Amino acid sequence: MKQIDRFTLEDQIMQCWGVTDDIEMIYYTEALYQDQDRMMNVLLGLHELYNIRFQRMFDTFEKMVHEGKIT
């Protein structure tokens with residue numbers, strides 16, 4: 001397992017900020033407006049992906065607190 005440090009946490013935080021870019025990309029994809037079922041599948045997939053990203057980030061934060069790297 002790779003070493004966890006503040007740079008790992010910082011990288012994971014930046015990855016989570018990508019949600020705004022992803023939402024904007026979906027918003028401006030006209031083909032998705034033509035197919036509501038496809039739009040819902042894309043949004044549900046995005047929801048699940050970001051649940052995973054945020055959980056991974058929080059797990060990293062908890063580990064760093066436990067190891068005394070964050071006080």
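Which residues does Thr60 touch, not counting residues up to four places away in sequence? They are Ile4, Thr8, Leu9 and Gln12, where touching, or contact, means heavy atoms within 4.5 Å.

This is a predicted model, so local features need pLDDT of at least 70 and side-chain atom pairs count only at pLDDT 80 or more, while totals for chains, interfaces and linings use all residues. Residues are numbered from 1 along each chain as its sequence is written, and side-chain values use heavy atoms, with hydrogens and water left out.

**View 1. Helix H1 packs against helix H3.** H1 covers residues 6-27 and H3 covers residues 36-66; helices here are DSSP runs (H or I, at least four residues), numbered from the N terminus. Two packed helices are described by the angle between their axes and the distance between the axes. For this pair, the angle is about 165 degrees and the axes are 9 Å apart. The axes are lines fitted to C-alpha atoms over the stretch in contact, and angles run from 0 to 180 degrees between N-to-C directions. H1 and H3 are therefore roughly antiparallel (angles over 145 degrees count as such). H1 passes H3 in a left-handed crossing, meaning that the near helix is turned anticlockwise from the far one by less than a right angle.

**View 2. Here is the contact of H1 with H3.** On the H1 side, the residues include Leu9, Gln12, Ile13, Cys16 and Val19. Facing them from H3 are residues including Leu46, Tyr50, Met57, Thr60 and Met64. The residues of this contact divide into 15 nonpolar, five polar and four charged. In this scheme Ala, Val, Leu, Ile, Met, Phe, Trp, Tyr, Cys and Pro are nonpolar, Asp, Glu, Lys and Arg are charged, and the others, Gly among them, are polar.

**View 3. Gln12 and Thr60 are joined through their side chains.** Gln12 sits in H1, and Thr60 sits in H3. Their polar contact spans 2.7 Å (a pair of N or O atoms within 3.5 Å; within protein, one must be able to donate a hydrogen and the other to accept it, and residues adjacent in sequence count only if both atoms are side-chain atoms). Gln12 has 8% relative accessibility, so Gln12 counts as buried (under 20% is buried, over 50% exposed, partly exposed in between, with a 1.4 Å probe and protein chains only). Thr60 is buried too, at 5%.

**View 4. Met64 lies in H3.** Met64 counts as buried at 2% relative accessibility. Among the residues Met64 touches, beyond four places in sequence, are Ile4, Asp5 and Arg6.

Definitions and conventions. Helices (H or I, at least four residues) and strands (E, at least two) are DSSP runs, numbered from the N terminus. Angles under 35 degrees count as roughly parallel, over 145 as roughly antiparallel, 65 to 115 as roughly perpendicular and the rest as oblique.
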